Amino acid sequence: MQNQFSRTEILLGKDAMDRLRASRVAVFGIGGVGGYVCEALARSGVGAFDLIDDDKVCLTNLNRQIIATHRTLGQYKTEVMKERIQEINPEASVRTYQCFFLPENAEQFPFGEYDYIVDAVDTVTAKIGLVMTAQENNIPVISSMGAGNKLDASRFRVADIYETKVCPLAKVMRRELKKRNVKRLKVVYSEEEPKKPIEDRDGDWEDRPVCPSEARRQGTARRAIPGSVAFVPSVAGLIIAGEVVKDLTGMV
């Protein structure tokens with residue numbers, strides 16, 4: 001009997017589809033990368049999601065985030081993504097958390113229920129906290145490294161964090177995870193050298209395209225905000241989704 005996942009089942013098989021349907025994936029960060037992770041996982045048949053983000057859709061998200069349209073401006077990203085997932089698969093269970101993950105609030109999340117964690121957040125503190133919490137709870141996790149200031153989507157790679165190169169964020173993560181005796185972490189990273197933003201080169205810091213919540217997390221008015229395009233973070237998100245599906249189903 002045909003269903004909306006029939007074409008996927010042709011490649012993965014019924015047992016794999018049953019495993020995806022029974023899995024709960026927590027996606028931390030529903031932005032340029034995380035939004036495409038959710039999109040692909042929903043279309044792959046994952047049955048349950050926890051979506052975590054404190055941000056609302058703003059004007060500068062329109063260039064790259066799959067949930068960002070003029071209709072969704074001002075709405076919580078988690079709620080917009082929930083609606084989209086359930087439009088794709090009405091049977092999917094979706095829980096939302098309008099907050100920003102930090103080690104201090106880790107107890108708010110039911111980590112014991114997660115079959116997989118996707119780290120698509122944009123601060124080192126939160127990323128390390130997620131990795132450490134996943135390790136403590138023996139939950140598979142995949143982490144997105146820097147996708148900002150990049151223009152070549154073909155340069156993304158899947159690797160262990162200690163095999164990465166070029167990416168500045170990966171360098172920081174390698175150092176911090178080594179201090180904490182973390183032996184391995186699957187990541188998606190780019191081997192493209194980051195571009196220097198034009199605003200940065202020109203020294204023009206006036207009227208920068210920053211959403212209020214992003215400015216709040218960045219901390220200082222003069223801290224560089226990365227540029228981004230539609231076709232780079234989306235590719236990172238789709239690669240991550242593919243890794244999640246492969247790991248949950250045992251697909252080679």
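Which residues in helix 2 meet which residues in helix 9? I found that A16, R19 and L20 in helix 2 meet V245, L248 and T249 in helix 9, contact meaning heavy atoms within 4.5 Å. By class I noted four nonpolar, one polar and one charged; Ala, Val, Leu, Ile, Met, Phe, Trp, Tyr, Cys and Pro count as nonpolar, Asp, Glu, Lys and Arg as charged, and the others, Gly among them, as polar.

Source notes: this is a predicted model, in which local features need pLDDT of at least 70 and side-chain atom pairs count only at pLDDT 80 or more, while totals for chains, interfaces and linings use all residues. Residues are numbered from 1 along each chain as its sequence is written, and side-chain values use heavy atoms, with hydrogens and water left out.

Helices 2 and 9. I looked up the axes of helix 2 (residues 14-21) and helix 9 (residues 233-249): they come within 9 Å and cross at roughly 110 degrees. That makes helix 2 roughly perpendicular to helix 9. Helices are DSSP runs (H or I, at least four residues), numbered from the N terminus. Axes are lines fitted to C-alpha atoms over the stretch in contact, and angles run from 0 to 180 degrees between N-to-C directions. Under 35 degrees counts as roughly parallel, over 145 as roughly antiparallel, 65 to 115 as roughly perpendicular and the rest as oblique.

Helices 3 and 9. Their axes come within 7 Å and cross at roughly 40 degrees. Helix 3 and helix 9 are therefore oblique to each other. In this contact, Y36, V37, A40, L41 and S44 of helix 3 meet S234, G237, L238, I240, A241, V244 and V245 of helix 9. I recorded nine nonpolar, three polar and no charged residues there.

Helices 3 and 4. Helix 3 (residues 34-44) packs against helix 4 (residues 77-88) at about 20 degrees, with the axes 9 Å apart. That makes helix 3 roughly parallel to helix 4. On helix 3, G35, C38, E39, A42 and R43 meet M81, R84, I85 and I88 on helix 4. This contact has five nonpolar, one polar and three charged residues.

Pocket. How many residues line the second largest pocket? I noted 14, of which I139, P140, V141, R184 and L185 lie nearest its centre. Helix 5 (residues 124-136) gives the largest share of the lining, three residues. The lining has eight nonpolar, two polar and four charged residues. A pocket here is an open set of points on a 1 Å grid where a 1.4 Å probe fits, with protein on both sides within 12 Å along at least five of seven lines, and lining residues have an atom within 4 Å of a point.

Definitions and conventions: Helix = DSSP H or I, 4+ residues; strand = E, 2+ residues; numbered from the N terminus.
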